[in-house]
Amino acid sequence: MKWLVRTGVVLLGIVVGLWAVPELKISSGDTVSTTIRYVALGDSIAHGYGLTNPREDSYVGQVENYLENYYDYVITANFGTDGLRSGELLDILINPENEFHNKYAATLKYADIVTVSVGSNDLLRLLRLDIDIQEYIARGDVMFRDACQTFDENFPKIIEAIKRVAPAAKIYADNVYNPCHGLGKYENLYEKAEYYIDMLNQTFIKGSGYTLVDIKSGFENSEEKLVNMAFKGREFDPHPNKKGHLLIGQLVIKAIQAKGF
């Protein structure tokens with residue numbers, strides 16, 4: 001976890017204390033500084049994987065910068081974790097025996113805004129460049145459908161768990177984009193990924209208790225190169241690049257503006 005305060009330099013003990021107070025009084029008490037607490041939950045996208053400066057360039061950093069325009073103190077806890085799947089996030093949120101449970105719960109308790117980026121690893125981890133599309137058709141359908149079903153069961157529980165701890169927080173959830181465009185000889189992965197990503201994204205559409213941020217449509221409608229698409233052996237890097245994060249940040253901020261905060 002990263003404790004981040006955008007105004008001034010504050011010791012960790014003070015930062016922790018800021019989560020528990022609704023406002024800060026300065027000097028004689030005549031001036032009141034407003035405070036907002038933002039918690040980012042999710043996977044490597046929330047973490048800013050692959051960015052040179054994730055602190056500033058990730059979509060989490062952009063949301064934080066935006067909130068600075070309206071609040072004197074923006075306190076951010078970024079729990080983005082590389083490789084995190086929905087089942088792992090759910091376990092952190094509901095299992096007191098999980099080593100991260102207390103930390104997450106104590107932070108979420110005072111959150112005003114929560115963003116959730118999860119689901120990609122449930123599904124995209126199954127896409128491998130060394131498997132022919134016909135092999136996917138022959139033995140992959142059940143595997144992909146099971147992944148979508150598992151996410152469909154986990155995600156509503158994740159939202160419920162957040163709301164139990166932070167009933168007043170406004171929650172914004174990103175759906176999953178298709179990173180497989182422009183893979184050359186592996187271009188057939190795009191259509192296969194599209195089918196199951198659309199299946200997984202149905203979970204976001206039918207859910208409640210949060211605002212959906214339609215990242216997938218945003219990526220589809222952009223002419224920019226938004227994904228790293230770096231090859232590593234027989235795997236590829238599906239993470240958004242700096243421009244991709246910029247677009248995600250814009251979409252999340254637009255959702256926040258529409259909802260009010």
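What share of the 261 residues in the protein chain is buried? Buried residues, meaning those under 20% relative accessible area, with exposed set at over 50% and partly exposed in between (1.4 Å probe, protein chains only), make up 49% of the chain. The model is a predicted one, in which local features need pLDDT of at least 70 and side-chain atom pairs count only at pLDDT 80 or more, while totals for chains, interfaces and linings use all residues. Residues are numbered from 1 along each chain as its sequence is written, and side-chain values use heavy atoms, with hydrogens and water left out.

**Overall make-up**

- The protein chain has 11 helices and 9 strands, where helices (H or I, at least four residues) and strands (E, at least two) are DSSP runs numbered from the N terminus.

**Nonpolar cores**

- A nonpolar core is here a set of buried Ala, Val, Leu, Ile, Met, Phe, Trp, Tyr and Cys residues joined through side-chain atoms within 4.5 Å; the largest one has 40 residues, and V114, V116 and F155 touch the most other members.
- The elements that give two or more residues to this core are β3 (31-42), α5 (86-94), α6, β5 (113-117), α7 (120-124), α8 (133-165), β6 (170-174) and α9 (188-206), and the largest share, 9 residues, comes from α8.
- Not counting residues up to four places away in sequence, V116 touches L41, L89, F155, I162, I171, Y172, A173 and D174.
- A second, separate core of 26 residues includes Y71, Y172, L247 and V252.
- As general background, nonpolar side chains in soluble globular proteins tend to be buried together.

- An α-helix has 3.6 residues a turn, so residues three or four places apart point the same way.
- α5 and α6 pack at an angle of about 75°, with their axes 7 Å apart, the axes being lines fitted to C-alpha atoms, for helices over the stretch in contact, and the angles running from 0 to 180 degrees between N-to-C directions.
- The two helices, α5 and α6, are therefore roughly perpendicular to each other, on a scale where angles under 35 degrees count as roughly parallel, over 145 as roughly antiparallel, 65 to 115 as roughly perpendicular and the rest as oblique.
- Where these helices meet, L89, I92, L93 and I94 in α5 are in contact with H101, Y104 and L108 in α6.

- Helix α4 is mostly covered, with 8 of its 10 residues buried, namely Y59, V60, G61, Q62, V63, E64, Y66 and L67.
- L67, which is found in helix α4 (residues 59-68), has 0% relative accessibility and so counts as buried; L67 and I256 are 189 residues apart in sequence and 9.7 Å apart in space, C-alpha to C-alpha.
- P54, in helix α3 (residues 54-57), counts as partly exposed at 25% relative accessibility, and, leaving aside neighbours within four places in sequence, P54 is in contact with H47 and G48.
- The C-alpha atoms of P54 and K242 are separated by 9.0 Å, although these residues are 188 residues apart along the chain.

- A255 belongs to helix α11 (residues 242-259) and is buried, with a relative accessible area of 13%; A255 touches Y172, T211 and V213, not counting residues up to four places away in sequence.
- H239 sits in the loop between β9 (235-237) and α11 and, at 14% relative accessibility, counts as buried.
- Leaving aside neighbours within four places in sequence, H239 is in contact with S44, Y49, Y177, L226, V227 and N228; the C-alpha atoms of H239 and S44, 195 residues apart along the chain, are separated by 7.9 Å.

Key. Contact = heavy atoms within 4.5 Å.
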